[in-house]
Amino acid sequence: VLSLPAGHPTTPFGVTMARGTRRMLSSMVSSVRTGLTARLWQQRWDMQKYKQNASKMQHAFPPKRPKDSFLRAELKVRSDELVRDQYLNFRGGLRFALLLEDIDAFAGNIAFMHCNDGDPETIVPTLVTASLDRLDIHDPITLNLGQDFVLEGNVSWAGRTSLQIDVSLFPKSELDVSNSEHKLRCSMVFVCVDQKGKAFPINPLILETPQDEKRFNEGERANLVRKEERKRSLKVSPPTEEEAKILHRAMTVPDGIPDGLPMAAVRMQSVTIMQPQERNRAGKVFGGFLMHSAYELAYATACTFAATSGNSTKVCPQDPQGWRLGAPTVLALDDVSFARPVSIGDVVKFRADVVYTGSNESILMGNQHPGLSCIFQVRVETRIVDLKTGNDALSNEFHFTFLNRDPESSHVMQLKPIPVKPIEPLSYGEGMMWLDGRRRMLEALEVVRENKGFAYPVIQDLTTE
């Protein structure tokens with residue numbers, strides 16, 4: 001079921017997964033998407049089809065309220081057997097990669113609802129996913145399919161040509177609860193561009209309530225933080241003095257990272273040609289599919305890394321039971337950047353690296369904390385290959401934070417951490433990825449502390465600087 005604001009120019013509808021997928025074929029949208037994404041794209045088609053004869057560029061930008069772009073969608077992974085089978089992963093839980101597709105499609109509809117001017121003579125605005133600013137999981141939703149979920153979201157901040165969309169997921173049983181317990185929160189940034197790909201103005205945002213103002217101010221701060229982090233990025237700026245010392249010690253002191261694994265030892269790669277079935281409404285490769293593919297590779301890499309750590313016969317300083325095989329669970333997805341669009345027919349290379357672990361941080365702190373030592377960071381890079389020249393160019397970066405747990409512990413209150421080995425950088429380039437991974441892992445831990453997420457019992461007594 002999809003719910004739209006009252007008075008919106010299209011009528012909300014609910015269809016079964018199969019029927020919704022078939023309807024999308026007539027709208028030039030792939031039949032391989034999830035049932036929810038298919039319904040969202042059908043909804044988008046219905047919302048904008050009144051502009052099918054438009055020829056003028058938008059010239060008026062009527063202000064919108066946050067509630068004008070409010071959208072709700074149900075994910076019936078418990079009560080609908082067809083939906084459950086589609087989202088089921090091999091451990092019996094929720095297939096997170098598919099949820100990433102849904103979130104991208106969901107946010108795209110919200111962006112259109114905000115930018116829609118209601119004029120049948122103006123061209124549909126082109127809205128491009130600029131980034132997934134941050135996604136944090138506060139409850140291990142990937143571990144079971146025991147309840148139906150609801151996605152809700154709306155525009156929370158708007159600048160001149162970009163906007164931020166906040167999306168949350170919570171149990172359907174808490175739909176009418178005033179302070180429902182969110183299982184997942186994320187923020188996505190969209191940019192509006194004209195037919196030449198240049199930035200184009202969007203509708204301003206009207207703030208009606210204190211909550212609107214609060215979320216707008218948070219979005220404004222997040223926008224400033226994004227700009228500052230781009231300046232601090234290790235791609236353009238050298239590491240801090242403290243980071244330089246940390247890296248120097250790790251790479252030059254004999255046995256500075258005891259029992260460490262070289263970064264390349266757990267690297268995994270995949271190559272694929274982008275097919276028409278992966279296109280979005282604009283004819284480019286669906287950003288949700290890229291997130292899906294990146295996560296699947298990241299998770300495979302995480303599982304391989306957990307197995308490599310668990311199969312060691314050496315003494316484990318963090319666990320008297322020794323190195324054991326664990327099951328990674330995703331905690332966060334940080335700063336997904338979309339540097340350039342991917343086209344149908346492009347050859348895309350995905351590369352995943354475990355770049356930093358809590359065991360590295362334990363070594364730096366001079367103690368062996370079993371909770372911290374189960375956290376690790378995976379970076380996935382996608383590059384587009386030019387088939388004419390053979391050159392490749394960066395398209396996307398994805399940063400995932402995982403927790404390695406006992407595979408027999410699935411209940412949120414019974415998660416048993418299993419340490420993973422530290423990672424050893426062997427070149428300056430790997431050293432920069434190592435330091436960047438450290439920054440992102442520490443940020444993820446701060447979010448866990450602040451929100452008392454499901455990993456909080458594992459790290460609550462931890463003190464990091």
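# Cavities and contacts in a predicted model

User: Which elements each supply at least two residues of the lining of the second largest cavity?

Analyst: This structure is a predicted model. The second largest cavity holds about 40 Å³ of space, and its lining consists of 10 residues. At least two of the lining residues come from each of three elements, namely α2 (35–48), β2 (71–75) and α3 (81–87).

User: Which residues lie nearest the centre of the second largest cavity?

Analyst: By class, five residues of this lining are nonpolar, two are polar and three are charged. Of the 10 residues that line the second largest cavity, those nearest its centre are Leu 36, Arg 39, Leu 75, Val 83 and Tyr 87.

User: Which element gives the most to the lining of the largest cavity?

Analyst: Among the residues lining the largest cavity are Ile 137, Ala 332, Ala 444, Val 447 and Val 448. Two or more lining residues come from each of β3 (126–137), β9 (327–338) and α9 (428–451). With three residues, the element that gives the most is α9.

User: How do the residues lining the largest cavity divide into nonpolar, polar and charged?

Analyst: The lining includes His 138, Gly 453 and Ala 455. Taken by class, the residues of the lining of the largest cavity are eight nonpolar, two polar and one charged.

User: Are helices α8 and α9 roughly parallel or roughly perpendicular to each other?

Analyst: The axes of α8 (residues 358–365) and α9 come within 10 Å of each other and cross at roughly 90°. An angle of 65 to 115 degrees counts as roughly perpendicular. The relation of α8 to α9 is therefore roughly perpendicular.

User: Is Thr 161 buried or exposed?

Analyst: Thr 161 is found in the loop between β4 (149–158) and β5 (162–171). Not counting residues up to four places away in sequence, Thr 161 touches Phe 190, Val 191, Cys 192, Ala 199, Phe 200, Pro 201 and Ile 202. Buried means under 20% relative accessible area. The relative accessible area of Thr 161 is 15%, so this residue is buried.

User: What distance separates the C-alpha atoms of Lys 349 and Thr 382?

Analyst: Lys 349 has its place in strand β10 (residues 347–357), and at 33% relative accessibility this residue counts as partly exposed. Leaving aside neighbours within four places in sequence, the contacts of Lys 349 include Glu 381, Thr 382 and Arg 383. Lys 349 and Thr 382 are 33 residues apart along the chain, and their C-alpha atoms are separated by 5.5 Å.

User: What percentage of the residues in the protein is buried?

Analyst: The protein has 10 helices and 13 strands. Among contacts with a separation of 6 or more, 77% join residues 24 or more positions apart. Of the 465 residues in the protein, the buried share is 56%.

Definitions and conventions:
Residues numbered from 1 in each chain as written. Predicted model: local features only at pLDDT ≥ 70, side-chain atom pairs only at ≥ 80, totals over all residues. Heavy atoms only, no water. 1 Å grid on protein atoms, 1.4 Å probe; cavity = no way out; pocket = protein on both sides within 12 Å on 5 of 7 lines; lining within 4 Å. Helix = DSSP H or I, 4+ residues; strand = E, 2+ residues; numbered from the N terminus. Nonpolar A, V, L, I, M, F, W, Y, C, P; charged D, E, K, R; others polar. Points joined across faces, edges and corners; volume = space filled by probe spheres on them. Axes fitted to C-alpha atoms, helices over the stretch in contact; angles between N-to-C directions. Parallel < 35°, antiparallel > 145°, perpendicular 65-115°, else oblique. Buried < 20%, exposed > 50% of the residue type's maximum accessible area, 1.4 Å probe, protein only. Contact = heavy atoms within 4.5 Å.
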